[in-house]
Amino acid sequence: MSDTAPFTGEPLALDLVNTRPSSGDLLTTAEQLRSWLALQADRLPEGHGAEVTLADLEAVREVRDATATVLARVRSGARPPESALATLNRAQRTAPGTLRLAWDGTAVTAVTRRTGGTPGQWIAARLAESAAALIAGPDLQRVRVCEAPDCVLLFLAANPRRRWCSATRCGNRTRVARHYQRHKHHQDEDRSASTEPGTRP
């Protein structure tokens, strides 16, 4: 996976925070937001095909920044800034949703319907809801930061032994770097031994 490709497949709030990896910001244009929403179409039907604007992009980025701030603080046991909490609460109030119950022929379904607001506000509200559920829920204890030295991505560790955001991305890269360092160290030791006095080349 490319470092510039969005990392997806984690809880929605983490996928959002992960649009700002160490290599730069992946949500700087409305087009980038549209592309990311397409990747999340199964979880964000509000954004599917929406003509997002720069105002929508700004609303999503505000939710992302507030989510990242709150996650970082509460994971370290610190009190999150009131301003970040207020941002997440405001985003949800701007486009409130209700669960609409329906019968699909075999079971009752519940789908959130939003009243008021624009599609961009619906998207921001859904993202803020996802952040609130993660931050206040039991899964918060399983949120981890990738252990690769040049990675800042977050993931939900279903397995407590998981160390990287992606085994194929950061896991392999870290293992290759460690192998290279070990090999280089042995080569350096061999060179040092061959130059010691009384040692034959």
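1. How much space lies in the largest pocket? In this predicted model, the largest pocket holds about 190 Å³ of space, where a pocket is an open set of points on a 1 Å grid over the protein atoms alone, at which a 1.4 Å probe fits, with protein on both sides within 12 Å along at least five of seven lines. The volume is the space filled by probe spheres set on the points, which are joined across faces, edges and corners.

2. Lining residues, which have an atom within 4 Å of a point, are Arg 43, Pro 45, Glu 46, Val 111, Thr 112, Arg 113, Arg 114, Trp 122 and Arg 126. Strand E2 (108-114) and helix H5 (119-136) each give two or more residues to this lining, and E2 gives the most, with four residues; helices (H or I, at least four residues) and strands (E, at least two) are DSSP runs numbered from the N terminus.

3. E2 is joined to strand E1 (residues 97-103) by seven bridges, and the two strands run antiparallel; strands pair if DSSP finds at least two bridges between them. Arg 100 stands opposite Val 111 in E2, while Trp 103 has Val 108 of E2 as its bridge partner. Four residues lie between the strands of this hairpin, in which Gly 105 takes a positive phi near 110 degrees.

4. The axes of helix H3 (residues 54-75) and H5, fitted to C-alpha atoms over the stretch in contact, come within 8 Å and cross at roughly 10 degrees, which makes H3 roughly parallel to H5 (angles under 35 degrees, between N-to-C directions that can run from 0 to 180 degrees).

5. Residues are numbered from 1 along each chain as its sequence is written. Local features need pLDDT of at least 70, side-chain atom pairs count only at pLDDT 80 or more, and totals for chains, interfaces and linings use all residues, while side-chain values use heavy atoms, with hydrogens and water left out.

Conventions
Angles under 35 degrees count as roughly parallel, over 145 as roughly antiparallel, 65 to 115 as roughly perpendicular and the rest as oblique.
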